[in-house]
Amino acid sequence: MPELPEVQALVDFLGERTNGLVIVGIELGSISVLKTYDPPPTSLHGLPINSVVRHGKFIDIEAEGLHMVFHLARAGWLRWSDTLGATTIRPGKSPIALRCRLSDGSGFDLTEAGTRKRLAAYIVRDPAQVPGIARLGPDPMSQDFTVANFAALLEGRRTQVKGLLKDQGFLAGVGNAYSDEVLHAARLSPFALASGLDEEQVQRLYSALRDTLAGAVMAASGKPAKELKDAKRAGMRVHGRTGQACPVCGDVVREVSFADSSLQYCATCQTSGKPLADRRMSRLLK
Ligand SMILES: [Zn+2]
């Protein structure tokens, strides 16, 4: 799933490529992808794109006061074409969920792999009409997001930091991958309770959050959409690297698996060398 750095790179990429262009067509390959019905997709036809911005992991394309907003979810992606095919996309079995045609013949497709369709698009007059945007917590990359703000958010939260970092209502833009990376950089256990962190640990977590995301934004910046997934994977130190060596201490990267996700961490760097209990592992050992 693309997270803040990749979404930011997509936003920058789209902002540059769509500058001065007019939307000439919105085609739906899946009816269910569009979560709104008024204004209809045709209301965007003929409108010039004024800006492309990010809200958490949402991309917001604004054209004359109308906003086409989308969230790529777990298996969704954006595929840009300088010359988009002539075939009109129609609802059916196409892997293309939505196609947007622009006035110079270019455009993009939103695609989604797999059978669980989560990709969501909205056409609204105000981005705050999108429920997922209305409930977003602060953006960790915004200039006014200080360590004091962060400490206030964490205070009294008897919740594991891993879950909290991924919660879009708590913080906008971080998902499963970067929360693993941030916790590794902060040398904190994913299961540590937010309310139990001391001042120094909060500072460390804040710095790790900002530095990890800033580094990833820099690495992703300027890359075309099709290269972003590989760039993201290449930048990971523990996430998705179970069994490989921790690049900091050389210990093996371990995993804790849940019903529909998993997390990776380094025991030496993050949990004083003690492996965390893994539900699946302990079930196998019974
Ligand atoms: Zn390590």
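Which helices and which strand do the buried residues of helix 5 pack against? Keep this question open while you set up the view.

**Before you start**

This is a predicted model, in which local features need pLDDT of at least 70, side-chain atom pairs count only at pLDDT 80 or more, and totals for chains, interfaces and linings use all residues. Residues are numbered from 1 along each chain as its sequence is written, and side-chain values use heavy atoms, with hydrogens and water left out.

Helices (H or I, at least four residues) and strands (E, at least two) are DSSP runs, numbered from the N terminus.

**Stop 1: helix 5**

Select residues 176-185, which form helix 5. Of its 10 residues, 8 are buried, so helix 5 is largely enclosed by the rest of the structure. Buried means under 20% relative accessible area, exposed means over 50%, and partly exposed lies in between (1.4 Å probe, protein chains only). Colour the buried residues of helix 5: A177, Y178, S179, D180, E181, V182, L183 and H184.

Now show what surrounds them. The buried residues of helix 5 pack against helix 1 (4-18), helix 4 (161-166), helix 6, helix 7, strand 10 (262-266) and helix 8. Contact here means heavy atoms within 4.5 Å.

Next, select H184, which is in helix 5. H184 is buried, with a relative accessible area of 2%. Leaving aside its neighbours within four places in sequence, H184 is in contact with R237, V238, C246, V248, C266, C269 and Q270.

Step past the end of the helix to R187, which follows helix 5 and lies in the loop between helix 5 and helix 6. R187 has a positive phi of about 55° although it is not a glycine. R187 is partly exposed, at a relative accessible area of 44%.

**Stop 2: the zinc ion**

Which protein atoms are the donors of the zinc ion? Select the SG atoms of C246, C249, C266 and C269, which lie 2.2 to 2.3 Å from the zinc ion. Donors are N, O and S atoms within 2.8 Å of the metal (3.2 Å for Na, K and Ca); water is not among the atoms, so sites may look incomplete.

The 4 donor atoms subtend angles of 96 to 114° around the zinc ion, which makes the arrangement tetrahedral. Four donors count as tetrahedral if all angles lie between 85 and 135 degrees.

Along the sequence, the donor residues are spaced C-x2-C-x16-C-x2-C. C249 is partly exposed, with a relative accessible area of 35%, whereas C269 counts as buried at 15% relative accessibility.

**Stop 3: helix 6 and two partners**

Select helix 3 (residues 147-154) and helix 6 (residues 199-220), which pack at an angle of about 115° with their axes 10 Å apart. Axes are lines fitted to C-alpha atoms, for helices over the stretch in contact, and angles run from 0 to 180 degrees between N-to-C directions.

Show the side chains where they meet: V147, F150, A151 and L154 in helix 3, with V202, Q203, L205, Y206 and L209 in helix 6. By class, this contact has 8 nonpolar, 1 polar and no charged residues. Ala, Val, Leu, Ile, Met, Phe, Trp, Tyr, Cys and Pro count as nonpolar, Asp, Glu, Lys and Arg as charged, and the others, Gly among them, as polar.

The axes of helix 1 and helix 6 come within 8 Å and cross at roughly 35°. Here L4, P5, Q8 and A9 in helix 1 meet L213, A216, V217 and A220 in helix 6. The classes in this contact are 7 nonpolar, 1 polar and no charged residues.

An α-helix has 3.6 residues a turn, so residues three or four places apart point the same way.

**Stop 4: two loops**

Go to the loop between strand 4 (66-71) and strand 5 (76-81), where R74 is found. R74 counts as partly exposed at 49% relative accessibility. Leaving aside its neighbours within four places in sequence, R74 is in contact with M1 and D260. A73 is also found in the loop between strand 4 and strand 5. A73 is buried, with a relative accessible area of 7%, and its phi is near 55°, a positive value in a residue other than glycine.

Finish at P39, in the loop between strand 1 (23-28) and strand 2 (51-55). The peptide bond from D38 to P39 is cis, with omega near 0°.

Note on methods: Tetrahedral: all angles 85-135°; square planar, octahedral: opposite > 155°, others 65-115°.
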